[in-house]
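Hello,

Please find the structure below. My notes on the interface follow it.

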Amino acid sequence: MKTVTVSREDAHWLDELLKDVPLTQDLDLEALAEAGRVLDQDPEYVADYLKGLFVSEIYNAMDEQGINANQLAQRWGKSRQYLSKILNEDRRVNFTIDTIVDLMMQLDRRVELHFPHKRQHTAVIRCVRKPVKNVWESPSARTCAESVSNFNLMAHQPAPEIAPYEYNPAA
Amino acid sequence: MAKERKNVNPKVDIKIKLLNIPGLDNDCQSHWKIRALEINGRSLALAALKRWQARHQAEWKKIRKVMQIHGTQEEIKDGKKVKKSSNPDHGEVYEMRADKGHARLMFFYDSAEDSIIVCANSHWKGKGSQDADFATCKRLKDIYFNNKGEKP
């Protein structure tokens with residue numbers, strides 16, 4: 001938590017804005033957390049999320065290549081209507097793995113499937129470019145060393161217990 | 001005659017926090033950490049998420065799906081999921097959208113120290129002005145960044 005200073009005008013505006021908002025400690029956040037955990041075990045929701053992820057990747061790849069949906073449909077040899085149904089996440093269209101691979105290959109993307117155990121979690125090593133003598137340097141073993149070392153330390157710790165949600169404000 | 005004393009300190013202290021979103025695990029936050037902005041113990045974004053989860057399940061699921069997708073992707077080019085305010089006065093403020101639905105979660109990026117998506121407030125399509133809610137997000141963003149000593 002940070003205490004910060006704002007003008008009286010901003011403080012007054014914030015008072016007005018937040019006057020009807022309940023205190024965070026009075027919100028039933030455990031119910032929100034539990035509802036999230038339930039959704040993550042719901043095959044229909046997870047499939048819907050993965051479809052959304054796939055469609056988002058298509059949009060990102062189209063943007064990267066500077067092409068629009070018409071051009072992609074033409075390149076793929078399918079109708080614009082069929083592609084639209086995919087892009088609109090139309091429930092009547094079920095993607096097969098063949099469709100996903102075929103379409104992503106049109107966009108120069110590889111497709112990989114991962115099936116981690118549900119108790120397996122992702123650890124991210126952030127390798128951020130740092131300026132060295134006013135020159136930007138690509139991520140290298142040296143710039144990543146600290147993250148890698150932290151990861152190795154963490155990897156040797158016992159797996160964390162999965163605990164129910166607790167009100168725990170981020171730093 | 002005693003002079004009327006002027007207020008010499010026209011500033012006020014407030015408390016700002018970034019809160020985890022309950023039920024959103026770290027696996028879907030590999031690119032962006034998704035946080036809710038809390039000011040003086042109250043969070044417009046968390047209150048909206050809680051309200052939607054309790055009363056508008058379908059809308060909450062759609063917003064949660066977009067949060068999960070954006071947490072793993074640097075940019076979202078699909079305008080049905082994430083859209084920037086079209087008002088140039090608002091600058092870089094965005095909304096996560098419940099596709100074909102009403103719920104909108106306004107946010108901005110904080111990539112200076114860490115990669116954070118700061119969810120600031122919400123909008124319900126058909127109720128109130130979307131432009132005004134983007135303006136609210138913009139003002140919250142200004143308060144957030146001005147106090148970090150950075151340009152908004």
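**Interface of chain A and chain B**

Six salt bridges are found by the rule across the interface of chain A and chain B (side-chain nitrogen of Lys or Arg within 4 Å of a carboxyl oxygen of Asp or Glu). One of them joins the side chains of A:Asp48 and B:Lys65, at 3.5 Å from N to O.

This is a predicted model, in which local features need pLDDT of at least 70 and side-chain atom pairs count only at pLDDT 80 or more, while totals for chains, interfaces and linings use all residues. Residues are numbered from 1 along each chain as its sequence is written, chains are lettered from A and ligands numbered from 1 in the order in which they are written, and side-chain values use heavy atoms, with hydrogens and water left out.

In the contact (heavy atoms within 4.5 Å), chain A takes part with 53 residues and chain B with 58 residues. The area buried between the two chains is about 5200 Å², and carbon and sulfur atoms give 56% of that; buried area is the accessible area (1.4 Å probe) lost by two parts on being put together, summed over both.

Strand 1 of chain A and strand 1 of chain B (residues 11–20) run antiparallel and are joined by six bridges. Strands are DSSP runs of E, at least two residues, and helices are runs of H or I, at least four, numbered from the N terminus; two strands pair if DSSP finds at least two bridges between them. Opposite A:Val4 stands B:Ile14, in strand 1 of chain B.

Regards
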